[in-house]
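Please look through the sequence and the structure shown here before reading on. The report that follows describes the fold in plain terms.

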Amino acid sequence: MPLVAVPNFSEGRSERVIGTLEATLAGSVRVLNRHFDTEHNRCVFTIAAEAEPLVDALIAGAREALNVIDLRHYRGLHPHVGALDVCPLVWQEVDRHEDAKAAAREVGERIAALGVPVFFYGELASSPERVERSYFRKGGPEELANRMASGDLKPDLGPAEPHPSAGATLVTSRRPLVAFNVELDSRDPEIARAVAAELREAGGGLDGVRALGLPREAEGCQVSINVHDPVGVPLATVVEEIRRLAAEHGAKPVEAELVGLAPAAALEGYPGDPPIRDFDPRRDVIENVLG
């Protein structure tokens, strides 16, 4: 089975820019999925290939991001530090784990050579506090620049200050995770924040779950979730816990959304309520897409 990468870019509004990024990535790899959101102002691609062409595609995407994304003009909900914000290499079979780690390190070295500082997180983190992306993202690009200027935060690779327009990039290798958004029927973002705080592992919630509560302009509020072990903690478990927590605040989940692809095991027993927007297992389950 090929390796997979899930580059996240800080652009979700310009169809021209998103199309340009997709065309750049697609030169030598399969683009399995594209997801973008105007309020988050973010696009996420899922691409697959063997290690060498996959690395080449990611570097082409990073280079193109330097040309078409300028964080100095960015406005969006999603926490971020870079134009190519996050770049994970994903292994699905244990015998590809070391391949993914080696590819991620090469991606980091080549992004740094473009003049963009690179921070390794997750299983490649150089210290325990660097494991979580939130460690780098707190305060956004401006605070990242301040922390780097003061010497409080040094990159693993590349220049000692953020790129003027592209910021920095976070790189790792990992198992598949599921990015999953759940809309609540409340317009009060504090309810979404309260639910997220109790849902995430750091708040005593579900193992391997990261969550944020975010406002939405039209649909109310949203709990934005990463499930790091979607086999051990399937989405059915996640939505039932959200349902319980939201009810304590007089709210309920009304619709869900996958960001990218999900493994089939993550969807076993899913209750169908809240419905997953535009879900099609032929298009949204990674095993089906890879064939």
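## The chain as a whole

This is a predicted model. Its chain has nine helices and eleven strands. Along the principal axes, the C-alpha trace spans about 50 × 45 × 40 Å. The radius of gyration is 18 Å, which agrees with the value near 19 Å that a compact globule of 291 residues would have.

Of the 291 residues, 53% count as buried. Among contacts with a separation of 6 or more, 70% are between residues 24 or more positions apart. The chain exposes about 12,300 Å², and carbon and sulfur atoms supply 49% of that area.

## Helix H2

Helix H2 covers residues 51–68, which makes 18 residues. From its first C-alpha to its last it reaches 26 Å, close to the 26 Å expected at 1.5 Å a residue.

Which residues of H2 are buried? They are Leu-54, Val-55, Ala-57, Leu-58, Ile-59, Gly-61, Ala-62, Glu-64 and Ala-65.

## Helix H7

Helix H7 has 13 residues, 235–247. Its reach from first C-alpha to last is 18 Å, close to the 18 Å expected at 1.5 Å a residue.

The buried residues of H7 are Leu-235, Ala-236, Val-238, Val-239, Glu-241, Ile-242, Leu-245 and Ala-246. What covers the buried residues of H7? The cover includes strands E8 (178–184), E10 (220–227) and E11, together with helix H6 (189–199).

## Aromatic pairs

The structure holds four aromatic pairs. One of the pairs is formed by Phe-119 and Phe-136. The two rings are tilted, with 5.0 Å centre to centre and 40 degrees between the planes. Phe-119 lies in strand E6 (residues 118–120) and Phe-136 in helix H4 (residues 133–137), so this pair ties together parts that are 17 residues apart in sequence. Phe-119 counts as buried at 0% relative accessibility, and Phe-136 also counts as buried at 0%.

Phe-180 and Tyr-270 form another aromatic pair. It is edge-to-face, with 6.4 Å centre to centre and 85 degrees between the planes. Phe-180 is in strand E8 and Tyr-270 in the loop between E11 and H8, so the pair links distant parts of the chain, 90 residues apart. Phe-180 is buried, with a relative accessible area of 0%. Tyr-270 has 17% relative accessibility and counts as buried because the cut-off is under 20%.

## A cluster and two charges over rings

Phe-119, Tyr-135 and Phe-136 form one aromatic cluster. The charged end of Arg-147 sits over the ring of Tyr-135, 4.8 Å from the ring centre.

## Backbone details in the loops

Where does Asn-41 lie? Asn-41 is in the loop between strand E3 (30–37) and strand E4 (42–49). Asn-41 is not a glycine, yet it has a positive phi of about 55 degrees. Is Asn-41 buried or exposed? At 5% relative accessibility, Asn-41 counts as buried.

The loop between strand E11 (253–259) and helix H8 (281–284) holds Pro-274. A cis peptide bond joins Asp-273 and Pro-274, with an omega of about 10 degrees. Asp-278 is also in the loop between E11 and H8. Asp-278 has a positive phi of about 55 degrees although it is not a glycine. Asp-278 is exposed because its relative accessible area of 61% is over the 50% cut-off.

Key:
Residues are numbered from 1 along each chain as its sequence is written. This is a predicted model: local features need pLDDT of at least 70, side-chain atom pairs count only at pLDDT 80 or more; totals for chains, interfaces and linings use all residues. Side-chain values use heavy atoms; hydrogens and water are left out. Helices (H or I, at least four residues) and strands (E, at least two) are DSSP runs, numbered from the N terminus. Buried means under 20% relative accessible area, exposed over 50%, partly exposed in between (1.4 Å probe, protein chains only). The expected span of a helix is 1.5 Å times one less than its number of residues. Contact means heavy atoms within 4.5 Å. Rings of Phe, Tyr and Trp (its six-membered ring) pair if their centres lie within 6.5 Å; planes under 30 degrees apart count as stacked, over 60 as edge-to-face and the rest as tilted. A charge sits over a ring if NZ of Lys or CZ of Arg is within 6 Å of the ring centre and within 35 degrees of the ring normal. The radius of gyration is taken over C-alpha atoms; the globule rule is 2.2 Å times the number of residues to the power 0.38. Accessible areas come from the Shrake-Rupley method with a 1.4 Å probe; for residues, only the protein chains shown count as cover.
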